[in-house]
Each structure stands twice: as structure tokens, then as C-alpha cells.
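Reader: I'd like to go through this one term by term. Could you show me the structure and then tell me what stands behind each label?

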Amino acid sequence: MTKKKHIAIIGGGIAGLEAGSVLTRQGYKVTIIEKENKTGGLLNHWSSLFPDFSLPGEVLARIQPENPDLTLIHNTCIESIKKENGRFELFDKRHLKLYADALLLATGLSVFDASLKEEYGYGLFINVITSSDFERIHKAGQKLLTAQGDPPKRVAIIHCVGSRDAKVGNGYCSKVCCITGVKQAIAISRMLPECEVFNFYMDLRLYGSKYDALYLEAQKRHQIQFIRGRLSEVSENQDQSLQLKAEDTLQGRPLRMQADMILLLTGLEAARQNENLCKNNHLELDENRFFKSENMQYHRNCSRQEGIFMAGSCICPMSVNETLDSARSAAIEVDNYLTQKER
Amino acid sequence: MNTLDFLKPRSRQIDFENFDDRILSYVLEKEQSFLTCISCGGCTATCSAGNLTHFNIRRIGLSLRRGNVNELSNEIEKCMFCGKCTLVCPRDINIRNVMLLLKKRVAQLKTEKLF
């Protein structure tokens, strides 16, 4: 029997874990390199998943792969990749970490830093929070409270913060924030039935299966109000409540609103280390700084460098189920590549 | 709007068949970024003139793109060219320049007695 081929996976979020578990079952040796001290990636921070409010822990429990052929390396950030004699060499800051016959990138996403959008007041006004903050509060089982400790009577949820915004260099749509906004509006309404919730949107992009049903539920059961207009600026009142300025574009009139809290739906960006990984090989980033596919339709998981593949939201922002699908299809591509190489 | 508008229903409709593009094509030639507007209304919300009057800068852009040019010439007089609209635009459109070009073109057509 020939020696088992070795695949390195950069990133131990759900994409890396799922692909790793498929590949070990297919008989490969796999090493997953995770930069944090814990696998699971962003899913560790979310409280519930759209559109069914299922728990991230359930997903994580299913995909934690256990296999003698699978090695996990924590607290390691791979910073460069070199191709040498048909194999890949992976380096962290100083040292060569490992060799691999094929490489799978699963570096995932990072969340937009909302304080860059200064006019929205995140980090300046104490009652402005982000969607990630809300997930943390919700996950801890706490109620949403203003900084003064009172339940808010009115919350405004702002879509497209750091998404579809040329001013912050993110011209693309992060795709999953709209449905997150609807989900969080419902979560707030369940948590605080007396609280009025308004969603300010430019376009509502509820593209996925059963996402629109959640929108209907938000309207019917929770009386969430959707206003078509982009927030232009926020100011703080003396009592630390907030004033919003937007246009109600369907009315064609400027709108002022007082709110106790503002929740910013932050957009999603490619991981910052991606740029480094493109040195010394043929990997390329696309115009949105995600990894560029060999072909967008047919070879979504294949990078511009032979032998390097991609899984999950390092290709583009993805929901959890899309990420898992992407990881499985990446595993097939890796397998195809290694079997063909053998012949 | 006239009370007898129902007698000429066409006056209420957007007419793409007789599209007056004399202003639009001039503006687009010099400020291509205007093509990418998504009518989010950020400009209107922050507009200094719009806070005090019925001036709606997003609607002006939309009227221009629909060839509804008749209402424009009086409306643009309200713009103070402060440029706040340009600062907030998520599509990075130079809206201030759009308004400037619009005003220039209307003046030009008026001098030539074509408007």
C-alpha cells in the first residue's frame, strides 16, 4: 500500500472541519491549522442560525471530526505557502510548519469594523451596537438593555454597514446580513415584546430557501417595520438615546427618528491573511479580496494555483449550509486532483 | 398638478418614447459615476437644503434619469453645493458635480432658448 497522501487545511471553522472530516473518511491524512485556540470559527460567537433559529452548537457537534488520520494544530497562523517539487510548504511567522500534497484554504470571514463608519457612532455613542454584539448578548442568555440598564422601547436595525459601500472599500454585497437583520429583529421582539423594531434597508436581499418566510413572520407576527432608506448619520441626545437621519425613499421625504438603541448589521470581509498567502505562488484574490476561483460556475473550489483549493466563505460570504456544501464539494475536487496525480 | 389631469392621462405617465435626454446625456458624459445610483436616499437625508425646503436631491437624480426634466430647472436653484451628499454616498457618486453639471446644462439650454 502506498503512503497516504497528506492534505493541509488552513482554517478550523466549519468549512475546514467538514472538508477535513470528508477527506479523512476517504482515506487521506489531514492536518487542520487553526489560528485561534479553539476550532469552530465564527460559529462560536453566534447565538442562533437563520432561518430556523437552530443552535450553532448543534452544527459544531455534528462536524467535530474524530479520526486518527486527522491532526489539529491550534494557535498557528500560516503566513506563506511555497510550491516545491510538486508539494506545498507552509510557513508560519518564522518556521516551516509542514508539507502537504494538496492544500485547502478555509480561512473564512472577518466582520467589518463598524467604528470605521464614524457617522454611525459605533464606539462613540454607547447605545450603538453591532450585530455581533447582539449575538453575544443573546448567546449569554441576557436581555437587550440600554447602557442605562433599561429595556429599549425602540430599536433601529441598520442594514448594509460596511457592505455595498464604496466609501469603506467594500463595493460588494455581503449577502447574509439582510436575513440576519430579519432574524435579529424577531429575536429582539421575542425578547422584548413591548419594543418597537425598525429595519432600515437599501434593498432587502432575502435570497435563500425559507428566508422570505422569515420576513413574512417578522411582518405578521412581530410587526417589524421596514423602511427603505439608508441611514445617513446618528447623533446622541443628552440622555444618551439616539437620533437617526435617513430618507424614507418610498415617501420621498426626510425622516428623523428617536431610538433607544441602534443595531448595525455589519458586513463581512475576507480574512486579512489571504493577501500574504498569495505570495510565492499563483493564488489570486478577486476584486473583493476573496480568493479567486479558477472558474466561477464550474470550478468554484479551484484556485488559480494547481493543487490549492478553497472551501466556504473565503470564496465569498456564505451561510452555514452553503459553507458545508462548499466544503464537501471542495473535498471532491481535492480527491480528484490527488487521484489524477497518482495515475 | 392640475385638477383636470384626468383629461390627459399621458401627462401623468413616465414617457420613455419621448425621452428628453438633453440634460441626462450631458451629465453622464462628464460624470459617469451617476450611472450607479441605487436611490438609497443617503444624500437626501443629509442634505442641508432638504432639511429646510422640499428639495429632494435623490428625486432630482431620478427625474433626470426618467427624462422628467420640466421640474428640474426651478428645483436645482435650491442646492447650496455644500457637498454633504457626496460625502455619504455609498456608491461614491460625485453628486455635487452632478448638480453642478445639471445647473450648467439647464442654463446653456435656456440661453439657446431651447428649454
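**Labels and what backs them**

Author: Let's start where the chains meet: 15 residues of chain A are in contact with 17 residues of chain B. This is a predicted model, in which local features need pLDDT of at least 70, side-chain atom pairs count only at pLDDT 80 or more, and totals for chains, interfaces and linings use all residues. Residues are numbered from 1 along each chain as its sequence is written, while chains are lettered from A and ligands numbered from 1 in the order in which they are written.

Reader: What makes two residues count as "in contact"?

Author: Their C-beta atoms, placed from the backbone, have to lie within 7 Å. On the side of chain A that touches chain B, β14(A) gives the most, with three residues. By class, that side of chain A has four nonpolar, four polar and seven charged residues. Here Ala, Val, Leu, Ile, Met, Phe, Trp, Tyr, Cys and Pro are nonpolar, Asp, Glu, Lys and Arg are charged, and the others, Gly among them, are polar.

Reader: What makes β14(A) and β15(A) a pair?

Author: Pairing takes at least two bridges found by DSSP, and β14 (residues 242-248) and β15 of chain A have seven, in the antiparallel sense. So they pass the definition. One of the bridges puts A:Asp248 with A:Arg253 in β15(A). Strands themselves are DSSP runs of E, at least two residues long, and helices are runs of H or I, at least four, numbered from the N terminus.

Reader: Which strands are at the edges of that sheet?

Author: The open sheet has the order β13-β14-β15 (chain A), with antiparallel pairing. β13 (233-236) and β15 (253-259) of chain A are the edge strands, as each pairs on one side only.

Reader: How many bridges join β5(A) to β6(A)?

Author: Four bridges join β5 (residues 87-91) to β6 (residues 96-100) of chain A, and the two run antiparallel. A hairpin of four residues links β5(A) to β6(A), and A:Leu90 stands opposite A:Leu98 in β6(A).

Reader: Why is A:Gly41 called buried?

Author: A residue is buried if 20 or more other C-beta atoms lie within 10 Å of its own, exposed if 12 or fewer, and partly exposed in between. A:Gly41 has 25 within 10 Å, so it is buried. A:Gly41 is in the loop between β2 (29-33) and α2 of chain A. A:Gly41 touches A:Gly12, A:Gly13, A:Ile14 and A:Gly108, leaving out residues up to four places away in sequence. The C-alpha atoms of A:Gly41 and A:Gly11 are separated by 8.1 Å, with the two residues 30 apart along the chain.

Reader: What span does α7(A) reach, and what is expected?

Author: Helix α7 (residues 320-342) of chain A has 23 residues and reaches 33 Å from its first C-alpha to its last, close to the expected 33 Å. The expected span is 1.5 Å times one less than the number of residues. Among its buried residues are A:Val320, A:Leu324 and A:Ala327. The cover over the buried residues of α7(A) includes β1 (6-10) and α1 (14-25) of chain A.

Reader: And how is chain A divided into domains?

Author: Chain A has domain 1 (6-108 + 271-342) and domain 2 (114-268), with bounds that come from an automatic or database domain assignment. Their C-alpha centres lie 32 Å apart. Eight residues of domain 1 of chain A are in contact with 18 residues of domain 2 of chain A, and that side of domain 1 has four nonpolar, four polar and no charged residues.
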